[in-house]
Amino acid sequence: MDSDRSNVPKAAEEIIMATHASHCGGACLLKVHVKDGVITRIETDDGEEPQYRACAKGRAFRQRVYAPDRILYPLKRIGERGEGNFKRISWDEALDTVAGELKRVKETYGAASILYKKSAGDQSRLQSNTSHIRLLRMMGGCSEVWGIHSYEGAVFGQIATFGTVGTGNTRDDLLNSRLIILWGWNPTDTVLFTNTAWYLVQAKEAGARIISIDPRYTNTTALCASQWIPIRPGTDAALLIAMTYVIIKEKLYDQEFLDTYTIGFDKFKDYVVGTEDGVPKTPRWAESVTGVSAAMIESLAREYATNKPAALMAGIGPGRTAYGEQYHRAAATLAAITGNIGIHGGNAAASAYTGVGGGEYPYLKLGLGPPMPPNPVESSLPPRKNSFPSWGGASNRIGHINQATVADAILRGKSGGYPADYKLMYIVNNNYPNQYLNLNKCVEALKSKTLEFIVVYEQFMTSAAKFADIVLPVTTSLERNDITTGPTVGFYGFMGKAIEPVGEAKSHLEICSLLAEKLGITDFNDKTEDEWLRQIAAGSPDITDYEAFKREGGYKIKRNKPHVAFQKQLEDLGNNPFPTPSGKIEIYCQRIADMNDPLLPPIPEYLETWESPNDPLARKYPLQLITTHFWRRAHSQYDNLPWLRELDPQRVMLSTADAVARGIKNGDMVKVFNDRGATMLPARVTERIMPGVVDIPQGAWYSPDEKGIDRAGSCNVLTRDEHSPGGAYPTNTALVQVETVRR
Ligand SMILES: Nc1nc2c(c(=O)[nH]1)N[C@H]1C(S)=C(S)[C@@H](COP(=O)(O)OP(=O)(O)OC[C@H]3O[C@@H](n4cnc5c(=O)[nH]c(N)nc54)[C@H](O)[C@@H]3O)O[C@H]1N2
Ligand SMILES: Nc1nc2c(c(=O)[nH]1)N[C@H]1C(S)=C(S)[C@@H](COP(=O)(O)OP(=O)(O)OC[C@H]3O[C@@H](n4cnc5c(=O)[nH]c(N)nc54)[C@H](O)[C@@H]3O)O[C@H]1N2
Ligand SMILES: [Mo]
């Protein structure tokens, strides 16, 4: 085929370098072939190592750009909300309507009635969310939502324990580990920074032993682990605490490390051995909670404590459970007790996702785009309950509705204790309600008369777009220029524009500039896209030649050795204290004690989740539901692409034992249900998930039938809209039942 192509005149086809960065956490190079203004095919990095090779999603981006359901024009709803009936209108009419509604709602009800709902559908630096935040704040402010869906439990745990979210070593440091524990971590599918699985495989080849602790036998387990330890969802803190028990009893802990770098071990020890509550947290105690045998817990504890350096890679999935903060705190404490922090091949075990590369993280080095004025609505409110004064530049004064309770806030407003009654919803980069707990309640909120106006910025007729009064068509990343970063070992990606916008789509910067004019804001934007991008790139000392950066589609940082979080603290604590009030790793956290919430103990403790197998509700709904991230989607994105759909169908993963007990065979259509909702999808009967647990990959596009039963396998009709006391978003805590569907 290659030789055939060589006959084609080269001048006819151009190759534009771009970066794929769409809500999977990766940043991969794309070589976009363009002929006569049309993308003909997409290749990826085949240059020098490490290569930033795109996965199936990036390679299928052409189908995304030209998808038949791409929104090409501004749309106005003509049917009921949710029905999906719209008519085409002009940009002028659309923007007049949106500007008019923003003004009307602000004047009638106050700026707090404007509910800004964003996410990170697109992970670019300039276009993603900045223009909207700037616009809404400049026009008087809006209500914002707090809580990172992904890892708010990890954020809480990290700030409490280490005072920072920069707790991760760069991925290349895995090559220095003797033992790696994949704790609820499946980066073969979730990427979690380009090349993570590649480094894991190299670590295995270099002799590291790899253990996976997960209710599922994941693809990463299959690829590189030599042992799989299945565990009941939501019980990880119990396993970690029982491991500590063994380490204490057998005196395998690092006393010198504890004395020098930590505070509060004694209080934690009292809890572990049972002095505090009369319950020693023995392996036998944890066996009945976790389903992991006492003998296995003992050998795991010994192995972790005696094979230094060991990297306990604390995935964020186990943290997305009720009281998920405890798991993150317990994992970090275990790393501290064994002295695995601040050394090559170790890991602070605080979160396998956040802050990889710490201060070296390229994202923090880039310059700034359009400035963000303060939000007058949020900054006038008192700080949020159970929050730390600040972290990573964010503030506990921004966002007074948690991600888990947006629907409740809309439905109940001030009478439900929320700061305002919400009248206008402004949705960007976000598939609300599809991605939200208790989806049927989210739908009720979107349909309610309380919300007088909904505007959605979208590329496709998503679950969110169907509820909009006005949908504004936006460009994909191949129709605009931008910059992104990938923190694996250090990468800046230039997201090159390959083609002109499809249909009448516009970029966020363009749309917000036009809206600003209509709102009479004259100083909204004084720069072109290119001027902003140059300013952003100029902030980084690494990007010295902007033109080359743009031409090559990115810049790979050359690093002599891996970055290790807290190495400086280990070398010279006197001059480099941990950024906590005590200057040490806080196993006991006074700031948590001051929150005075029994569900947030100042030392890590195991707290039983709601909807656990011991809940009386388990008689009706005996199976624990987890909702994992699917390799062929980025959340709900890419689910509409036939190339990707045919790779792997949407199915519920069910153990052979649970299937046999219900007369379910592999491939049968089943109904998964509880009191909150029901969804129908085919069963995948397998030994790769432990009995008692079922998994529905999250992100399928909600498609209710006339009885309100979802037909797409959209898991959030089953999840519960309650957040953990420290903010964790519990996507993996819900009880369900499964039954066959007679056809
Ligand atoms: N049950 C369950 N629910 C979950 C999770 C789970 O594990 N289980 N995971 C949670 C997590 S961690 C996350 S991060 C969230 C993700 O939640 P979302 O961010 O809402 O998920 P996406 O599917 O990425 O939706 C982003 C939307 O942005 C659109 N988009 C893409 N690019 C652009 C752009 O440039 N401009 C605009 N305006 N729109 C764009 C896409 O078409 C898509 O519809 O889901 C959460 N929900
Ligand atoms: N392909 C793809 N990649 C993605 C995304 C995507 O949607 N698609 N989303 C991106 C985003 S925004 C995020 S936040 C991350 C999410 O990344 P993760 O949260 O790491 O991904 P998950 O698959 O939800 O969960 C990881 C593992 O945790 C296990 N698990 C679930 N509950 C428990 C538990 O209670 N205990 C234990 N021990 N294990 C448990 C699951 O079986 C799964 O194998 O992925 C990012 N990368
Ligand atoms: Mo996420």
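What follows is a friendly dialogue on reading the features of one predicted protein model.

Me: Let's begin with the whole chain. How many helices and strands are there in the protein chain?
Reply: Keep in mind as we go that this is a predicted model. The protein chain has 26 helices and 28 strands. Along its principal axes, the C-alpha trace spans about 70 × 55 × 55 Å.

Me: What does the radius of gyration of the protein chain agree with?
Reply: The idea is to set it beside what a compact globule would have. For 743 residues that would be near 27 Å, and the protein chain has 25 Å, so the value agrees with a compact globule. As for burial, 63% of the 743 residues count as buried.

Me: How should I read burial for a single residue? Is Leu654 buried or exposed?
Reply: Under 20% relative accessible area a residue is buried, over 50% it is exposed, and in between it is partly exposed. Leu654 has a relative accessible area of 0%, so this residue is buried. You will find Leu654 in strand S24, residues 652-655.

Me: Let's turn to salt bridges. How many salt bridges does a search of the whole structure find?
Reply: The general idea is a side-chain nitrogen of Lys or Arg within 4 Å of a carboxyl oxygen of Asp or Glu. A search of the whole structure finds 42 salt bridges. One of them joins the side chains of Glu43 and Arg41, at 3.3 Å from N to O. Glu43 is partly exposed, because its relative accessibility is 27%. Arg41 is partly exposed as well, with a relative accessible area of 22%.

Me: Which parts does the salt bridge between Asp92 and Lys518 tie together?
Reply: Start with the contact: the closest N and O atoms of Asp92 and Lys518 are 2.9 Å apart. Asp92 lies in helix H4 (residues 91-109) and Lys518 in helix H20 (residues 508-518), so the pair ties together parts that are 426 residues apart in sequence. Lys518 counts as partly exposed, at 27% relative accessibility.

Me: Are Arg137 and Glu144 buried or exposed?
Reply: Both Arg137 and Glu144 are buried. Their side chains meet in a salt bridge, with 2.9 Å from N to O.

Me: Which residues are linked with Asp408 in a network of salt bridges?
Reply: The network links Asp408 with Arg412, Lys441 and Asp721.

Me: What about charges without such a partner? Which residues form the negative surface patch?
Reply: A patch gathers residues with over 30% relative accessible area and no salt bridge, like charges being joined within 9 Å. Here the negative patch is formed by Glu256, Asp259, Asp266, Asp270 and Glu276. Helix H11 (255-261) and helix H12 (265-273) are the elements that give two or more residues to the patch. Asp270 is found in helix H12. With 36% relative accessibility, Asp270 counts as partly exposed.

Me: Now the backbone. Where are peptide bonds cis, as between Lys308 and Pro309?
Reply: As a general rule, most peptide bonds are trans. The bond joining Lys308 and Pro309 is cis, with omega about -5 degrees. Pro309 is in the loop between helix H14 (294-306) and strand S12 (310-314). The peptide bond from Tyr432 to Pro433 is also cis, with omega near 20 degrees. Pro433 sits in the loop between strand S16 (424-428) and helix H19 (439-447).

Me: And phi? What is the phi of Asn386?
Reply: Most residues other than glycine have a negative phi. For Asn386, phi is near 50 degrees, a positive value in a residue other than glycine. Asn386 is in the loop between H17 and S13, and its relative accessible area of 9% makes this residue buried. Glu611, not a glycine either, has a positive phi of about 50 degrees. Glu611 lies in the loop between helix H24 (590-595) and strand S23 (623-626), and counts as buried at 2% relative accessibility.

Me: Let's finish with Ser387. How far is its C-alpha atom from that of Met595?
Reply: The two C-alpha atoms are separated by 8.2 Å, while Ser387 and Met595 are 208 residues apart along the chain. Ser387 lies in the loop between helix H17 (376-379) and strand S13 (390-391). At 18% relative accessibility, Ser387 counts as buried.

Definitions and conventions:
Residues are numbered from 1 along each chain as its sequence is written. Chains are lettered from A and ligands numbered from 1 in the order in which they are written. This is a predicted model: local features need pLDDT of at least 70, side-chain atom pairs count only at pLDDT 80 or more; totals for chains, interfaces and linings use all residues. Side-chain values use heavy atoms; hydrogens and water are left out. Patches are made of residues with over 30% relative accessible area and no salt bridge: like charges are joined within 9 Å, nonpolar side chains (Val, Leu, Ile, Met, Phe, Trp, Tyr) within 5 Å. Accessible areas come from the Shrake-Rupley method with a 1.4 Å probe; for residues, only the protein chains shown count as cover. Lys and Arg count as positive and Asp and Glu as negative; His and the chain ends are not counted. The place of a charge is taken as NZ of Lys, CZ of Arg, CG of Asp or CD of Glu. Helices (H or I, at least four residues) and strands (E, at least two) are DSSP runs, numbered from the N terminus. Buried means under 20% relative accessible area, exposed over 50%, partly exposed in between (1.4 Å probe, protein chains only). The radius of gyration is taken over C-alpha atoms; the globule rule is 2.2 Å times the number of residues to the power 0.38.
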